Amino acid sequence: MHYLIYYVLPFVVVLGVLIFFHELGHFLVAKLYGVKVLKFSLGFGPKLTGFKRGDTEYLISAVPLGGYVKMLGEKDDEEDEGPLSAEEAARSFSNQTVGRRIAIVAAGPVFNLLLALVIFCLTFLVSGAQVLVPEVGQVREGSPAETAGFQKNDMIVAVDGIAVDTWEQVQEMVKHHEENEMTFTLQRDGAMLEVRVRPEVTTIENIFGEEVRTALIGIVSSGAFKTVPLGPLQAVWEGARRTWEMVVLTWMTIVKLFERVVPIETLGGPILIGQMTGQLAQENWTYLFPFMAVISVNLGILNLLPVPILDGGVILILLVEWVIRKPISPKAKEMAQKAGLFVLLMLMAIVFYNDISRLLQ
């Protein structure tokens, strides 16, 4: 029962919400343009249950690792549709303009990004922002900060006369003052004092393990956090900022994977997501919301990759057809989709292998 509540249930909920919003994007934009939607399914494979309302059959299918929206005229080789009436032809996906078809296909990933944005905004609005306070936890030996007289537990109040509230603000200001002297206002034992320090350019490792040069003064955060309440507009701004950070981080991780900076062994799949949702659910179920937002961004960006069978691949094919002013032959599309499916299956095999290897370690 413990495994069911803390691992299976949160995993199904998180994955179900992500898939639902992705397919909802395709569905709503297709409806907006009057395209006939035949099926809206959560999951692949055999139908478990469902009902039909209007033109659309709503399904829950057996394999929960995805979903799909099937539209009239979506495939070139669908024989079961038969000859279409004039009214049906006007509602066919393939008879829409390229711009409309791209909008329908892109809506899935876009809705995943919008879901992340909404979750981040609500999280900031309800919980406020957790920020590192600008308190010194350690002064590195031989560093400019030690020479200038920084001490452990100093609270940084201002830098060059500009008030600071977070450790991130201090970092941003220092890295843009390479070897230019700066004035720090510190609070120490209730008294205020000023120290002058000249940052030095140092080589450090970034989050991808690459060596980068940046300006530092040689202090380490105490690690103390504080909660900053945010109003609605601030929450929306922070939510948008966090969503954009996740988009950039996801994209850079993909780039670094191709550059072999990030080892492929670090990739994770459904099993890893299940483990992480389980761990978060045991700590606090509310932690699942920001986690869901991060996974939603990942899902949205990955689906936009120009790999046939993914949304990005479909968009690429539509753009090619728009440029050459004629449809690509069904056979060429089929070959491209088979190639994309092969890539996808290989990727799934790798992430499952990585997940199982981590479990056995």
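This is a dialogue on how to read some features of a predicted model.

Visitor: What kind of model is this, and how are its residues numbered?

Guide: The model is predicted, so local features need pLDDT of at least 70 and side-chain atom pairs count only at pLDDT 80 or more, while totals for chains, interfaces and linings use all residues. Residues are numbered from 1 along each chain as its sequence is written, and side-chain values use heavy atoms, with hydrogens and water left out.

Visitor: How many helices and strands are in the protein chain?

Guide: Helices (H or I, at least four residues) and strands (E, at least two) are DSSP runs, numbered from the N terminus. Here the protein chain has 10 helices and 12 strands.

Visitor: Is the chain spread out or a compact globule?

Guide: The radius of gyration is taken over C-alpha atoms, and the globule rule is 2.2 Å times the number of residues to the power 0.38. For 361 residues the rule gives 21 Å, and the protein chain has 26 Å, well over that, so it is more spread out than a compact globule. Its C-alpha trace spans about 85 × 55 × 45 Å along the principal axes.

Visitor: What share of the residues is buried?

Guide: Buried means under 20% relative accessible area, exposed over 50%, and partly exposed in between (1.4 Å probe, protein chains only). In the protein chain, 37% of the 361 residues are buried.

Visitor: Which class does valine 110 fall in?

Guide: Valine 110 counts as partly exposed, because its relative accessibility is 39%. This residue is found in helix H3 (residues 98-127). Its C-alpha atom is separated by 35 Å from that of arginine 213, which is 103 residues apart from it along the chain.

Visitor: And asparagine 303, what does it touch?

Guide: Contact means heavy atoms within 4.5 Å. Not counting residues up to four places away in sequence, asparagine 303 touches His22, Pro109, Leu310, Asp311 and Gly312. Asparagine 303 lies in helix H8 (residues 288-303) and is buried, because its relative accessible area is 14%.

Visitor: What span does helix H9 reach?

Guide: The expected span of a helix is 1.5 Å times one less than its number of residues. Helix H9 (residues 311-324) has 14 residues and reaches 20 Å from its first C-alpha to its last, close to the 20 Å expected.

Visitor: Which residues of H9 are buried, and what comes just after the helix?

Guide: The buried residues of H9 are Asp311, Gly312, Gly313, Ile315, Ile317, Leu318 and Glu321. Just after H9, arginine 325 has a positive phi of about 65 degrees.
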